[in-house]
Amino acid sequence: MDHDALSPTEISREITRDPRHIPLGLLDEEYGSIMEVLGRIPTDLELAMYSVMWSEHCSYKSSRVHLGRLPTTAPHVLVGPGENAGVIDAGEGIAVALRIESHNHPSFIEPYQGAATGVGGILRDIFTMGARPIALMDPLFLGPLDDAHCRYLLDGIVRGVGGYGNSVGVPTVGGQITFDPCYRGNPLVNVFCLGLLPVERLVLGQASGIGNLCVLLGSRTGRDGIGGVSVLASAGFNEESDGAKRPSVQVGDPYEEKRLIEACLELLDASLVVGIQDLGGAGLACATSETAARGGLGMEVNVLAIPRREPGMTPVEVMTSESQERMLAIIEPSSLDEVLRVCARWEVEATVIARVTEVDESGVGHLVITEGEDGPVLCDVPAKSLADEAPLYRRPLAEPANYRSGLIDTTVETLRSTSYSEDLVAMLLDPSWIYSQYDHELFVNTILGPGEADATLLRLAGPGVAANGRSLALSSDANPAWCAIDPRLGTALTVAESALNVASVGATPKALVNCLNFGNPTHPEVMWQLSESIDGMAEACRALDLPVVGGNVSLYNESQGRDIDPTPTVAVVGLTGTLRRRPPARAWQEGDALVVLGTWSRTLAGSRWAREIHGVRSGALPSIDLELHARLCALVATLVAEECSDAVAPELVHGLHSIADGGIGIALAEMAIAANIGCVVDGVNDHHELFSESVSRIVVATPRAEELLARATAAGVPGIVIGEATGGRLLVEGVIDVDVDRLHEAFTGRISSALGETVAH
Amino acid sequence: MTARIAIISFPGSNCEYDVAEALGALGAECTIVFHDATELGGVDGVVIPGGFAHGDYLRCGAIARFSPIMSAVTDFANAGGAVLGICNGFQVLTEAGLLPGALQRNAGLRFLCEPAVLEVASSNSNLTAKCARGDRVVLPINHGEGNYYCDAATLAELEENDQVVLRYLHNPNGSVSNIAGVSNRRGNVVGLMPHPERAAAALATSTDGRVLLDSFLSWALTNAASPTMIGA
């Protein structure tokens, strides 16, 4: 190849002469940078590989300058952001790997396969680290249920998550559902996965050892998913092109993935691999360049060795295909026979496709792709230039024009309804229609499952990790309506809510992962939202001692030119001590006093009530005192831990429910429904206090209110008694009076009746 | 005496560890036997656990019945050994012809993971020998194809021979006659859709599965397969 550097004039002449980069989604200046890096005109294969590796999805080119502001370290963090998953030390030789990702764009084009392959992809990120996946969660965001297309998407997405997760043998133990018109043309499917591993099995995705072999494991490579990261995930939607994008969606095979998981974990247990990397977005282009770049070496790939699903595929198609259920293992040549034997036992195809090579005289590791063992060279580029040297954009930021006027708008405080009871009934929504379609109990780890408490509580155990009495708490949370009003404070409130949810099952929050779903980054308002949101997250995480150990950024969530509300989803993981009994759940007992611990608030800004009942989305969100919130989380975690870990349960807490969207009203209704016991409340004076969404508080049902309040005072947390659990009606004096049976009926039937299904029993 | 139990694992099975844990906690010694084995070894009972054997492709259990280990399981069952199929294991046993009937897609055409209240319909089986007819237990279900079907003549035969082991109190999936589990005529082969091993751990919502699994282990020990008949 010709290595004489091109002059700037030659580069710009080439850009106009043959604009091959346009259909690949590359900008003129990006094409120019590629020619500068190579000093020549790239081959078709090289250009295709840069286009996927430098896509927004793979390179985080718009968000990276902001992500650096997040706190990422703590003594228990073993692996932070940048690897396939974050890993924390859970003690006793056990590590926890966690990650969250989005599969938004594919799920809109093809809901079942889009959601299913979202699950498949996140699982591979976890077992790539050497961890056995033991739990999934799926935060979903869709348009309203009265829209037929949104119902179709909900049905397909839920079937896809269940169809893949159930079959692959990993339980889906939690999630959340948000319905809002902003997701009508761009639903969000976020998927979180957590895995466990013995600390010593931790592996990183890097190619080391010159002469080592790269073995491609799993499915054959097909034409599915070509350009998924660039054509699909890095552009918005408009009606004309949506149908044409369907071939960019991959098709999942959970049975292949199940065998791949078992084969990979067996290879890792037997120390047969030196590095391993999943194939996700950008397929082999990504896996080969990233492993070589991380190992600081080169790699030589024989593109003809790659097993294909169909004849006639071009090298470009083979290298950029996003066919699912594939892994790249780097092994020593002496291990090859044993690797092939393990794979054969699990009926997993394994083929040597490349070898690790040394760096050139200037220390650069090259990714070389040849057509045949000694065939023509189709690609020869510095591996790092693909993996790490995508352009970084410091895109313009602009505060939206209506931001400040929205904050000072007090319309929301003037809203009234004729019946707050009817409002409450209309706001109830039981997500069990979703989670009952997911296996949420596999591995018999589930102590508190979906719908039972504010967080899911799992034993810290799994195949290969014996139960030790301790447990893991998980909560995934997002509140785009808060973030639309004030992305910085809204994101801080979201983090705070998630931490309190984890504390409410007796756990200490240990780590957070995020999935930042935003609109089009070329809109300065969107970049401002992203930047503000990251600052809010950083503030809250610092105050609550929560390291961010991983994340995902999904941009271009827009349709018909309208960006979605900023939707930072967070998932917080916490750990408990040894449990002797089940923690108190989201319920109460007859005669319990109802205490609200934490702050009090009256503002209705950002509330679900204002939005769903009156369509008002403005005003200043409830503020938060993060130091007080940290004290509240610690107090709640301690109170609950005493209930389930002390030799004799103090029985000071019978039940509890954190207050978030829907305010105290929804919290009381959900507790009443779960207990099938009503309440009489005289400490909530009006609809402001009932529906306000300050997150720094929790309802606790206790038989001994004075003792509980004394504990709160000693911990520096305010608290008041608001009423008593009793009878068969939910009664908030002067505001709400409704039968618990009626609440129950409205709660359970909402999704199934919207879908025209009769409730089976 | 310790019951030795073989738990069969096909590619795609996923409840084998859970069954081993639950039976282990009740004192059994469990071995996970991969589907490519041809012998069970000296065991007192066999469990085919839940999951998606061979991906449940073609039809649930349809490919699994051809796995090499299934000849040994069939011989063991025919010799009177205790065999229990849970969920996908039940589907495999019906496909293998060791139990009557078939499992179809749930009536609502949706996968269901939720608790089910069951009534013991017969104590004449390895799973329910320690229960009384009419006892109620709460066990989780977790299936998309748990809708038990058999024709009217088979149903009459099942009733007459006391082969209906468990019935749903509130039928979740459209099963004929609310059937959640059945046995063969001798009661040594049992299949059920609900998961007793998910109602056995220390902090589980229900621990009703223990009495059933304990019953299976005792039955396996006292009704050993006749060795002369194995492989006959």
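**Helix packing and its surroundings**

Guide: In chain A, helix α20 (residues 487-503) packs against helix α21 (residues 524-543) at an angle of about 40°, and their axes lie 7 Å apart. Helices are DSSP runs of H or I with at least four residues, strands runs of E with at least two, numbered from the N terminus; axes are fitted to C-alpha atoms, for helices over the stretch in contact, with angles from 0 to 180 degrees between N-to-C directions. The model is predicted, with pLDDT of at least 70 required for local features and 80 or more for side-chain atom pairs, while totals for chains, interfaces and linings use all residues. Residues are numbered from 1 along each chain, chains are lettered from A, and side-chain values use heavy atoms without hydrogens or water.

From α20(A), the contact takes in Pro487(A), Arg488(A), Thr491(A), Ala492(A) and Val495(A); the α21(A) side includes Trp528(A), Glu532(A), Asp535(A), Met537(A) and Cys541(A) (heavy atoms within 4.5 Å). By class, this contact has seven nonpolar, four polar and four charged residues (Asp, Glu, Lys and Arg are charged; Ala, Val, Leu, Ile, Met, Phe, Trp, Tyr, Cys and Pro nonpolar; the others polar).

A second pair in chain A is α23 (residues 626-645) with α26 (residues 705-714), at about 135° and with axes 10 Å apart. That angle makes α23(A) oblique to α26(A), and the crossing is right-handed. Leu635(A), Thr638(A), Leu639(A) and Glu642(A) of α23(A) meet Leu708(A), Arg711(A) and Ala712(A) of α26(A). Four of these residues are nonpolar, one is polar and two are charged.

Chain A also holds an open, mixed sheet of six strands, ordered β1-β2-β3-β6-β4-β5 (paired strands share at least two DSSP bridges). Strands β2 (residues 86-89) and β3 (residues 94-102) of chain A are antiparallel over four bridges; Gly86(A) has Leu98(A) as its bridge partner.

Between chains, 31 residues of chain B contact 35 of chain A. Chains B and A bury about 2,800 Å², 53% of it on carbon and sulfur atoms (accessible area lost on being put together, 1.4 Å probe, summed over both parts). Arg110(B), Cys113(B) and Leu203(B) lose the most area on the chain B side, together 26% of what that side buries.

Note on methods: Parallel < 35°, antiparallel > 145°, perpendicular 65-115°, else oblique. Left-handed = near helix turned anticlockwise from the far one by under 90°. Buried area = accessible area lost by both parts, 1.4 Å probe.
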